[in-house]
Amino acid sequence: MTKTPVPYRIGLGFDLHPLVEGRPCCLGGIVLPHPTGPAGHSDGDAVLHAVTDAILGAAGLDDIGTLFPDTDPRWNGAASVDFLEAAVLAASAKGWRVGNADIVIATEGPRIAPHRQAMRERIAGLLDVEVDAVNVKGKTLEGMGALAKGAGVAVQVSCLLVRN
Ligand code: MG
């Protein structure tokens with residue numbers, strides 16, 4: 001039996017990375033001035049990873065770990081922008097475009113607020129949406145848990161896809 005196609009799909013993305021010395025602080029497609037940065041096989045951009053997974057999830061595609069496994073040397077030091085662009089293209093091939101993305105970044109490493117606007121503009125460009133369709137919110141961890149005191153960054157994203 002054929003199902004009636006829905007005009008929207010929602011996706012959820014989540015990612016976390018430790019913050020370590022000697023790594024550029026790549027978050028949200030920009031480099032923040034901070035003495036630590038996300039560790040990872042790629043550039044470690046947890047924000048773009050979570051956005052990528054939200055899009056893949058909404059489009060009914062695979063997840064970032066399956067498409068770009070960290071065991072594959074091709075992705076060693078990869079720019080996470082490439083993952084996100086691949087996800088947008090894959091969703092587009094299935095007839096979806098991004099409606100909006102809402103992003104929460106929880107960390108006590110770099111301060112997010114001074115860089116919110118730059119991240120919004122960068123991510124909106126990658127998603128091909130207006131800047132106000134991308135929101136970025138920084139949260140502290142209130143000193144609690146393993147990611148507190150700048151030890152890591154956790155990101156949660158919800159993303160709406162709209163049928164073309
Ligand atoms: Mg990641």
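Is Asp102 buried, partly exposed or exposed, and what is its relative accessible area? In the predicted model described here, Asp102 is partly exposed, with a relative accessible area of 27%. The partner of this residue is Lys137, with which Asp102 forms a salt bridge whose closest N and O atoms are 2.9 Å apart. Because Lys137 lies in strand E6 and Asp102 in strand E5 (residues 96–107), the pair ties together parts of the chain that are 35 residues apart in sequence. Lys137, at 30% relative accessibility, likewise counts as partly exposed.

The count of salt bridges in the model comes to 2. Besides the pair formed by Lys137 and Asp102, a salt bridge joins the side chains of Arg74 and Asp72, with a distance of 3.0 Å from N to O. In general, side chains of opposite charge can pair when their charged atoms come close.

A magnesium ion is coordinated in the model by Asp15 through OD, by His17 through NE2 and by His49 through ND1, at 2.1 to 2.2 Å. Along the chain, the donors of the magnesium ion follow the spacing D-x1-H-x31-H. The two histidines link distant parts of the chain, as His17 belongs to strand E1 (residues 8–21) and His49 to helix H1 (residues 46–58), 32 residues apart. His17 is buried, with a relative accessible area of 10%, and His49 also counts as buried, at 8% relative accessibility.

The remaining ligand named at the magnesium ion, Asp15, lies in strand E1. Asp15 is buried yet has no salt bridge, and the nearest side chain of opposite charge, that of Arg23, is 11 Å away. Given that a salt bridge requires a side-chain nitrogen of Lys or Arg within 4 Å of a carboxyl oxygen of Asp or Glu, the 11 Å to Arg23 leaves Asp15 without such a partner. The side chain of Asp15 is instead joined to that of His49 by a polar contact of 3.1 Å, and both of these residues are among those that coordinate the magnesium ion. When residues up to four places away in sequence are not counted, Asp15 touches Ala46, His49 and Ala50, together with Val153, Ala154 and Val155.

The side chain of Arg120 does, however, reach the backbone oxygen of Val131 at 3.5 Å. With neighbours within four places in sequence left aside, the contacts of Arg120 are with Val131, Asp132, Val134, Asn135 and Val136.

The structure holds 1 aromatic pair. This pair is formed by Phe68 and Phe83, which are stacked, with 4.5 Å from centre to centre and 25° between the planes. Because Phe68 lies in the loop between helix H2 (64–67) and helix H3 (80–93), while Phe83 is in helix H3, the pair ties together parts that are 15 residues apart in sequence. Both partners are on the buried side of the classification, Phe68 having a relative accessible area of 14% and Phe83 one of 4%.

Most residues other than glycine have a negative phi. Glu142, by contrast, has a positive phi, near 55°, although this residue is not a glycine. Glu142 is found in the loop between strand E6 (134–139) and strand E7 (152–163), and at 65% relative accessibility Glu142 counts as exposed. Lys149 has a positive phi of about 55° and is not a glycine either. The place of Lys149 is likewise in the loop between E6 and E7, and this residue counts as exposed at 72% relative accessibility.

Definitions and conventions: Residues are numbered from 1 along each chain as its sequence is written. This is a predicted model: local features need pLDDT of at least 70, side-chain atom pairs count only at pLDDT 80 or more; totals for chains, interfaces and linings use all residues. Side-chain values use heavy atoms; hydrogens and water are left out. Donors are N, O and S atoms within 2.8 Å of the metal (3.2 Å for Na, K and Ca); water is not among the atoms, so sites may look incomplete. Helices (H or I, at least four residues) and strands (E, at least two) are DSSP runs, numbered from the N terminus. Buried means under 20% relative accessible area, exposed over 50%, partly exposed in between (1.4 Å probe, protein chains only). Rings of Phe, Tyr and Trp (its six-membered ring) pair if their centres lie within 6.5 Å; planes under 30 degrees apart count as stacked, over 60 as edge-to-face and the rest as tilted. A polar contact is a pair of N or O atoms within 3.5 Å; within protein, one must be able to donate a hydrogen and the other to accept it, and residues adjacent in sequence count only if both atoms are side-chain atoms. Contact means heavy atoms within 4.5 Å. Lys and Arg count as positive and Asp and Glu as negative; His and the chain ends are not counted.
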